[in-house]
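Dear colleague,

I am handing over a structure for you to look through, and below it I have written out what was found. Please keep it open beside you while you read.

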Amino acid sequence: WAETMVPGLFNKDEYAERFRAQVRELGVPTLCGSDWIHEEDMQKTDEYEQRWYNSALALDGSGQLLGRYSKRRLVPFGEYIPFTAQFPFMKVFRSVTRDTYVAGEAPSPVIPVAGLKVTLNICVEDTHPLVAREALAAGADCMINLSNDGWFKGSGGPEAHMQAASFRAVEARRP
């Protein structure tokens, strides 16, 4: 499932629990994208004070979380508005998307999937060689990029995105 395809907060909302129940019922290991809220912020009522992450999640066939990775290279004006701490008036540029994500803190974990050691990245992170190198240095056999290129229908975006992912695979000598 693509980036942010599971609605709501995966570690808080009812919809995510129904999604996990469906995974359990089908017994199919699943890789999906969803929002994740920092555990310390779950009780905060002002969503702009909460830390939300754009995350990739790997579930086994019983719906148990095998690993989670939160995007570290966010897209300005799509996932966050730059300089809002220094210039609060910049908040007026928030759009219909969630423009208040925070960046993840750690490289992707290496997740065992079907005999492979897999590492994750999200969307345009495949344009950042360091993101791939850090995860692969931990021993991954391959990289998986979660993206929703539907946002770029009719443009050169999806092709450029695939080319960037290809460069990371060639550099890393991994699929």
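Which residues are linked in a network of salt bridges? In this model, which is predicted rather than determined by experiment, the network is made up of Glu40, Asp41, Lys44 and Arg51. Within it, the side chain of Arg51 meets that of Glu40 in a salt bridge with an N to O distance of 3.2 Å, and the two residues, 11 apart, both belong to the loop between strand 2 (30-37) and strand 3. Arg51 also forms a salt bridge with Asp41, at 2.8 Å from N to O, and this pair, 10 residues apart, lies in the loop between strand 2 and strand 3 as well.

By the rule used here, the count of salt bridges comes to eight. Another of them joins Glu171 and Arg168 at 2.8 Å, N to O, and these two residues sit three apart in helix 3 (residues 157-172), about one turn of the helix. Glu171 is partly exposed, at 43%, whereas Arg168 is buried, at 9%.

Finally, please look at strand 3 (residues 52-59) and strand 4 (residues 65-70), which run antiparallel and are joined by five bridges, with Ala58 standing opposite Gly67 of strand 4. Five residues separate the two strands of this hairpin, and Gly63, in the turn, has a positive phi of about 85 degrees.

How values were computed:
Residues are numbered from 1 along each chain as its sequence is written. This is a predicted model: local features need pLDDT of at least 70, side-chain atom pairs count only at pLDDT 80 or more; totals for chains, interfaces and linings use all residues. Side-chain values use heavy atoms; hydrogens and water are left out. Two strands pair if DSSP finds at least two bridges between them. Helices (H or I, at least four residues) and strands (E, at least two) are DSSP runs, numbered from the N terminus. A salt bridge is a side-chain nitrogen of Lys or Arg within 4 Å of a carboxyl oxygen of Asp or Glu. Buried means under 20% relative accessible area, exposed over 50%, partly exposed in between (1.4 Å probe, protein chains only).
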